[in-house]
Amino acid sequence: MDNVLRVPVETEIDVVTARLRGSELAQKLGFSSRETYAIAIAISEVARNIVRYAHHGRITFSEIHRGSRMGLSIVAEDEGPGIPDLNRAMEPGFSTGNSLGLGLNSAERQMDEFEIVSTLGDGTTVTMTKWRRRK
């Protein structure tokens, strides 16, 4: 991993900062405008969930390599209440926080790989990867 960046997330301003830093790193790594936009959407969704449900956490961005492929790993972590029902939380339209219920589902659709681990009372970790398309 050549490029690693950590961004604390506690407020809506931090959501914007995380999206900006992730987009800047994606551009630096040669992602297309379309890929960078998808990355920004996914970052926004998971960062907003940190602010809304856990109140503080962090997002770590890492350049990753798998064989000849290069990608961007995004790990959003918090020590919040956890998600009681992950299957329901991933359903479009399901929300426990008076939102549209599209956040996690939208983030998953934007990325190539998506994993979420949540433990009640311990927090949630979302790990997402976007692989750069060959030009």
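Student: In strand 2, which residue is the bridge partner of Arg 6?
Tutor: This is a predicted model in which local features need pLDDT of at least 70 and side-chain atom pairs count only at pLDDT 80 or more, while totals for chains, interfaces and linings use all residues. Residues are numbered from 1 along each chain as its sequence is written, and side-chain values use heavy atoms, leaving out hydrogens and water. Strands (E, at least two residues) and helices (H or I, at least four) are DSSP runs numbered from the N terminus. In strand 2, the bridge partner of Arg 6 is Thr 60.

Student: Over how many bridges do strand 2 and strand 3 pair?
Tutor: Two strands pair if DSSP finds at least two bridges between them. For strand 2 and strand 3 (residues 69-78), the sense is antiparallel and the number of bridges is ten.

Student: Why is strand 2 largely enclosed by the rest of the structure?
Tutor: Buried means under 20% relative accessible area, exposed over 50%, and partly exposed in between, with a 1.4 Å probe and protein chains only. Strand 2 (residues 57-66) is largely enclosed because, of its ten residues, the number buried is seven.

Student: How does helix 1 run relative to helix 2, roughly parallel or roughly antiparallel?
Tutor: Axes are lines fitted to C-alpha atoms, for helices over the stretch in contact (heavy atoms within 4.5 Å), and angles run from 0 to 180 degrees between N-to-C directions. Helix 1 (residues 12-28) and helix 2 pack at an angle of about 155 degrees, with axes 9 Å apart. Angles under 35 degrees count as roughly parallel, over 145 as roughly antiparallel, 65 to 115 as roughly perpendicular and the rest as oblique, so helix 1 is, relative to helix 2, roughly antiparallel.

Student: How far apart are the end C-alpha atoms of helix 2?
Tutor: The expected span of a helix is 1.5 Å times one less than its number of residues. The 22 residues of helix 2 (residues 33-54) should therefore span 32 Å, and this agrees with the separation of its end C-alpha atoms, 31 Å.

Student: What relative accessible area does Met 70 have?
Tutor: Met 70 lies in strand 3, where it is the bridge partner of His 65. Beyond its neighbours within four places in sequence, Met 70 is in contact with residues including Leu 29, Phe 31 and Trp 131. Met 70 is buried, with a relative accessible area of 7%.
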